[in-house]
Amino acid sequence: MSSASTSEQVPLPEILIFPARLLRAETTEKLLNKIYSVKNVNHITVSGEDLPAVLGSGPGKGKANDHPERQVITVQGTEVELRLLVGRIFVEINDIDNVPKAVEDIEEVCKEMLPFGFNLEVGRYSKFRPTVTDYKKNR
Amino acid sequence: MAKYERQFYPGMTVPAKNRRRFIDPSKKLEKLRDIAMDDVVKILGHRAPGSDYKSIHPPLDEGTEPDCSIRQIVTPIEGAKKGDRIRYVQFTDSVYFAPAIPYVRAQMYMSRLRGIDTGTLSGRQIIEMRERDLEKIAKEYIDNETFDTARTGIRGATVHGHACRLDENGLMFDAWQRYRFNAKTGQVEYVKDQVAIPLDKPIAVGKPMDDKWLKAHTTMFRADDVDMRADPEVMAQNLRLHTLRTLCGYKPFDVKGE
């Protein structure tokens, strides 16, 4: 058996925020800005339910989908086009040793911002290196 | 021999009793709201209110139909007599304690209505029917207790959302946002028809029901409320159906001794 490469990349930990409700754009904007102010936060990724720009079927196919929650939000001074109703937030922390304190701080933010309830988990949820599909699609 | 008495659904838990009540045509369903017929027609989006019904064949009383024993047995519904087109309405039910669920809708419709074709999917249930009859039925089922304004949706296409978390206002997710919560009035209002074509003005359909009401009126067994396993009669009946299906497919009457 050949020896494994020792330069294998170690993923950074993530804290998953799972709100009990899907978040409005306004709540998402406030929440992301507050979480970015938490110490040792590297990066935030969100996922949720897709809000298409145009109607994809039916007699109105091709017409604009006027959805009030599909809008541009400002996160840390940068404008971001929000194309989904956010249901999961993945907060990457810069070191595993900083996770316990970051969880405490993020929990405080969530208690204030998400009165309807939420769950927090620690793990690694988003990809941290290109996949075979990325390679094949030249991403 | 005792006279056969029709049965509807087993069980003594709240969802089981509600299912029995929904399916039994002798039970009158509670009317919660009264949406104007013109507004229902606008939400359906098949014709402009006040316009004529389009027809696909001459009225039956013109006598152009061939002689047929089935035609003599079956009394046609009003829309069939006039030759109306077949149109549809489709309801989506959230898994978060919507009053109805697609399978119960199918059983309820087949038990209570004439002249329909219905189809069951995971989160939605379509009714196809002659247009003028469909409008009456759509109004009846928007007005009555099978419909909650927040957890039930009228969606002709892109129905996705029944298994998603609710939004911050407690509404079932809708990628096309056909209806919205009006915080000033506390009511849900439709701003698009069932295929997301914008309406001239919003149509208010009423306030969402609270959780207590929903749990008392739901037909949904859920592990976090009334678990189906808490109802031995329902479980026994389901097990019997599965056993007969396994032993004899669609011919359960061929199984002896079960």
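This is a predicted model: local features need pLDDT of at least 70, side-chain atom pairs count only at pLDDT 80 or more; totals for chains, interfaces and linings use all residues.
**The contact between chains A and B**

In chain A, 22 residues are in contact with 16 residues of chain B. Two strands of chain A, strand 2 (41–50) and strand 5 (84–93), each supply at least two residues of the side that touches chain B. Sorted by class, this side of chain A holds 9 nonpolar, 8 polar and 5 charged residues.

**A sheet in chain B**

Chain B has an open sheet of 3 strands, in the order 5-6-7, with antiparallel pairing. Strand 5 (179–182) and strand 7 (198–206) of chain B are the edge strands, and each pairs on one side only. On average, neighbouring strands of this sheet are turned by 30 degrees against each other, direction ignored.

**Two strand pairs**

Strands of a sheet pair through backbone hydrogen bonds, either parallel or antiparallel. The table lists one pair from each chain.

| Strand pair | Sense | Bridges |
|---|---|---|
| Strand 5 and strand 6 (residues 187–192) of chain B | antiparallel | 4 bridges |
| Strand 3 (residues 72–75) and strand 4 (residues 78–81) of chain A | antiparallel | 4 bridges |

In the chain B pair, Tyr179(B) stands opposite Tyr190(B), a residue of strand 6 of chain B. In the chain A pair, Val75(A) stands opposite Thr78(A), which belongs to strand 4 of chain A. Strand 3 and strand 4 of chain A form a hairpin with 2 residues between the strands. In this hairpin Gln76(A) takes a positive phi near 50 degrees.

Notes:
Residues are numbered from 1 along each chain as its sequence is written. Chains are lettered from A and ligands numbered from 1 in the order in which they are written. Two residues are in contact if their C-beta atoms, placed from the backbone, lie within 7 Å. Ala, Val, Leu, Ile, Met, Phe, Trp, Tyr, Cys and Pro count as nonpolar, Asp, Glu, Lys and Arg as charged, and the others, Gly among them, as polar. Two strands pair if DSSP finds at least two bridges between them. Axes are lines fitted to C-alpha atoms, for helices over the stretch in contact, and angles run from 0 to 180 degrees between N-to-C directions.
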